Amino acid sequence: PYEELLRLRVNRAREELRIRERRISEVAERCGFGEARLLDLHFRRATGMTPTAYRRSLDSARAPRDRT
């Protein structure tokens, strides 16, 4: 079904977004969304955040924590 296809595409986009050198539009195309606005729409519905916000959350998760 279509919902399963979207789920798979969003999961693939999560992995692709870890590659910082890839533009959001390139991730959208590689994952079958065709264009960034469709990736944004479906990614936000599935995760509650935009692809850009998701990528930023990965950066903050990797940031070293101050242990003072």
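How far apart are the end C-alpha atoms of helix H1 (residues 2-16), and what span should its 15 residues have at 1.5 Å a residue? Keep that question in mind while you look over the whole chain, which is a predicted model.

Start with everything selected and coloured by secondary structure: the chain has four helices and zero strands, so that, read along the sequence, the pattern is α-α-α-α. If you turn the view along the principal axes, the C-alpha atoms fill a box of roughly 50 × 20 × 15 Å.

Next, select residues 2-16, which form helix H1. Within H1, pick out Leu-6, Val-10, Ala-13 and Glu-16, which are buried. These four residues cover an arc of only 115 degrees around the axis, which puts them on the same side of H1. An α-helix has 3.6 residues a turn, so residues three or four places apart point the same way.

In the chain as a whole, 48% of the contacts with a separation of 6 or more are between residues 24 or more positions apart.

Finally, show the surface, of which the chain exposes about 5000 Å², with carbon and sulfur atoms supplying 49% of it. Buried residues make up 26% of the 68 residues in the chain. Colouring by charge brings up 17 positive and 11 negative side chains, and the centres of these two sets lie 3 Å apart.

Methods
Residues numbered from 1 in each chain as written. Predicted model: local features only at pLDDT ≥ 70, side-chain atom pairs only at ≥ 80, totals over all residues. Heavy atoms only, no water. Helix = DSSP H or I, 4+ residues; strand = E, 2+ residues; numbered from the N terminus. Buried < 20%, exposed > 50% of the residue type's maximum accessible area, 1.4 Å probe, protein only. Contact = heavy atoms within 4.5 Å. Areas by Shrake-Rupley, 256 points an atom, 1.4 Å probe, with all protein chains shown as cover. Lys, Arg positive; Asp, Glu negative; His and termini not counted. Charge placed at Lys NZ, Arg CZ, Asp CG, Glu CD. Expected span 1.5 Å × (residues − 1). Arc of directions from axis to C-beta.
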